[in-house]
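The sequence and structure are shown first.

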Amino acid sequence: MAVIVGDAQADRMVPPTGFTARLTLFASAAMAFLAVFAIALSLASGRLAHRWGQELAQSSTLRISAPVEQMAAQTAAALRVLETTPGIAKAEAMSDEEQQALLAPWFGPDLPVEDLPIPQLITIEETAEGYDSAGLRLRLQAEVPGAILDDHTRWRKPLQQAASRLRLLGFLSVVLIALVTAAMITLAAQAALAANAKIIAVLRLVGAQDSYIAKAFVRRFTFRAFSGAAAGAFVGFLAVLLLPAAQEQGGFLTGLGFQGLSALWLLLIPLLAAIVGYFATGTAARRTLKELR
């Protein structure tokens, strides 16, 4: 409460302007601006991996490579196997038009699918319980030699690993930002205390305790850290808003933003900066006041 309410008499000993004030405000604002992007990066990577994981988790693909004269028979046999497999809700062979649309981004819309030896694809939708992929592969190997099952496991795991690493990177970035902010505020507080050594000496002569002097500096620098971080977080939020909106074809870079309750992180950044400023200034004040005795 003393940090919020303060003491008007004590506040007079702390320079309201000057190098240390500008350094504290600038450092807090710059670090908060970077923290916004670090958090936005972490949240966006999590959303993207979750979306891709959900799309891949309940679906599989069966690819049939066979001579043209055997393709229809093997496709029908594969569909019979899939329809009798527990855990599979739906299995459907893709038409030539669907396969052409699937290959269009790479080969163009005029690809003559019917004239090319392209494997037949069968889309599989799983139930909530899923199916036994190892058992299904054995059945397909026996009844449909040209079939290859892709349960998308090799796609999901790298996505989950990448997402967890990006989230960890975002968390480590926030920690480093907090440490740099603490270091800058500490230097600014020590410089301010050293610059006011004569005033501190006079205050001690009239009976002022070091705790009283330290509280004045702690309050002023905590408020500067909070206000600077608030300004930096606001500018960072505006910068994030200028990025392209999330799009299916845009992937990761167009989903870098705050959605729903994740925007509460913007409110936490100034509070965290104030906490860092409080402890950093308190530590610097105690150390510097001890040296000035």
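Two strands are said to pair if DSSP finds at least two bridges between them. The model is a predicted one.

**Strand pairing**

By that criterion, strand S1 (residues 59-64) pairs with strand S3 (residues 120-126) in the antiparallel sense, over 6 bridges. Strand S1 also runs antiparallel to strand S4 (residues 147-150), to which 4 bridges join it. The table lists a bridge partner for a residue facing each of these strands.

| Residue | Partner strand | Bridge partner |
|---|---|---|
| Thr61 | S3 | Thr123 |
| Arg63 | S4 | Ile148 |

**Nonpolar cores**

The largest nonpolar core has 20 residues, of which Ile185, Leu193, Ile200, Ile213, Phe217, Phe221 and Leu289 touch the most other members. Two or more residues of this core come from each of H7, helix H8 (197-205), helix H9 (210-241) and helix H10 (265-291). H7 gives the largest share, 6 residues. Another core, of 19 residues, lies apart from the largest one; Ala66, Ala77, Ile122 and Leu136 are among its members.

**Thr186**

Thr186 is placed in helix H7 (residues 153-195). Is Thr186 buried or exposed? Its relative accessibility is 18%. Buried means under 20% relative accessible area, so Thr186 counts as buried. Leaving aside residues up to four places away in sequence, Thr186 touches Ala280, Ala284 and Arg287.

How values were computed. Residues numbered from 1 in each chain as written. Predicted model: local features only at pLDDT ≥ 70, side-chain atom pairs only at ≥ 80, totals over all residues. Heavy atoms only, no water. Buried < 20%, exposed > 50% of the residue type's maximum accessible area, 1.4 Å probe, protein only. Contact = heavy atoms within 4.5 Å. Core = buried A, V, L, I, M, F, W, Y, C linked by side-chain atoms within 4.5 Å.
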